[in-house]
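Here are my notes on this one, written as numbered points. Keep the structure open while you read, and find each residue as it comes up.

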Amino acid sequence: MSDHSPLSPRQPHAVEVTIEKAILLSRWVQLPLFLGLIPAMLVLDYVFFEELWHGMTDLHSVAGGAPMLILGLLDLVMVANLVVMVAISGYENFVSPIEAASRGGLPGWIGRTGAGTLKVKLSASVVGISLIKLLHTFLLMQPGEESKVWLMVVVHMVFVVSTLLIAVLDKYLMTHGHSGE
């Protein structure tokens, strides 16, 4: 057999090794994006407390009153949860493992959320955010806005069906040994 037989291991060429190392190192280019999500969370914190303060000091000016204020705050919290999931899981799946996860005291999903599970969690978060927006719009609906609500229902259902399909596909791939992790 020759050295280039499919059955014998071949030595990679130096150029190939360099290219592969460069591709692997390129994952660190995402680091500024994940770090940029930290100030983005601070913006969400600011908006959350601004809305809370506004609602508490002048609840009567909030359209729909306390229920709408609470839905708005829940929406901000769910967006923040989405940002945290993307930042932590994205960094861990695509850049580097988080060593602090092995020391305990952190949420149980850190260190165990693969790309497939992350897609399901992110999709479910989008469904939750969509549901809050839909409920908010429905409760504040004015006469003549029915078509807007129906359009939002259709978009929400697309999110729901997409999330279910992603979850079923992820479960199928995990069951059949193709986790994609």
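**Notes on the model**

1. Start with tryptophan 28, which is partly exposed at 34% relative accessibility. For the wording here, buried means under 20% relative accessible area, exposed means over 50%, and partly exposed is in between (1.4 Å probe, protein chains only). Before going on, note that this is a predicted model, where local features need pLDDT of at least 70, side-chain atom pairs count only at pLDDT 80 or more, and totals for chains, interfaces and linings use all residues. Residues are numbered from 1 along each chain as its sequence is written, and side-chain values use heavy atoms, with hydrogens and water left out.

2. Now the ring pairs. Rings of Phe, Tyr and Trp (its six-membered ring) pair if their centres lie within 6.5 Å; planes under 30 degrees apart are stacked, over 60 edge-to-face, and the rest tilted. By this rule there are three aromatic pairs. Tryptophan 28 and tyrosine 91 make an edge-to-face pair, with 6.4 Å centre to centre and 80° between the planes. This pair links distant parts of the chain: tryptophan 28 sits in the loop between helix H1 (14-25) and H2, tyrosine 91 sits in helix H3, and they are 63 residues apart. Phenylalanine 48 and phenylalanine 49 have ring centres 5.1 Å apart and planes at 85°, so this pair is edge-to-face. Phenylalanine 49 is exposed, with a relative accessible area of 51%. Ring pairs also link Trp28, Phe34 and Tyr91 into a cluster.

3. What does the secondary structure come to? The protein has five helices and zero strands, so the term to know is the DSSP run: helices are H or I runs of at least four residues, strands are E runs of at least two, and both are numbered from the N terminus. Along the sequence the pattern reads α-α-α-α-α.

4. Some totals for the protein. Buried residues make up 24% of its 181 residues. The accessible surface comes to about 12500 Å², and 71% of that belongs to carbon and sulfur atoms. (Areas come from the Shrake-Rupley method with a 1.4 Å probe; for residues, only the protein chains shown count as cover.) Taking contact to mean heavy atoms within 4.5 Å, residues 24 or more positions apart account for 64% of the contacts with a separation of 6 or more.

5. How many salt bridges does a search of the whole structure find? It finds one, where a salt bridge is a side-chain nitrogen of Lys or Arg within 4 Å of a carboxyl oxygen of Asp or Glu. The partners are lysine 133 and aspartate 75, at 3.1 Å from N to O. Lysine 133 lies in helix H4 (residues 115-139) and aspartate 75 in helix H3 (residues 66-94), so the bridge ties together parts that are 58 residues apart in sequence. Lysine 133 is partly exposed at 42% relative accessible area, whereas aspartate 75 is buried at 10%.

6. On to the inside. In general, nonpolar side chains in soluble globular proteins tend to be buried together. A nonpolar core is a set of buried Ala, Val, Leu, Ile, Met, Phe, Trp, Tyr and Cys residues joined through side-chain atoms within 4.5 Å. The largest one here has six residues: Val62, Met68, Leu69, Leu71, Leu73 and Ile132. H3 gives the most to this core, with four residues. Setting aside neighbours within four places in sequence, leucine 73 touches Phe48, Glu51 and Leu52.

7. There is a nonpolar patch on the surface too, made of Val126, Leu151, Val154, Val155, Val158 and Phe159, with about 480 Å² of accessible area together. Patches use residues with over 30% relative accessible area and no salt bridge, joining like charges within 9 Å and nonpolar side chains (Val, Leu, Ile, Met, Phe, Trp, Tyr) within 5 Å. Helix H5 (residues 146-175) gives the most, with five residues. Valine 158, found in helix H5, is partly exposed at 47%.

8. Last, look at threonine 163, also in helix H5. Is threonine 163 buried or exposed? At 11% relative accessibility, threonine 163 is buried. Leaving aside neighbours within four places in sequence, threonine 163 contacts Val120, Ser123, Ala124 and Val127.
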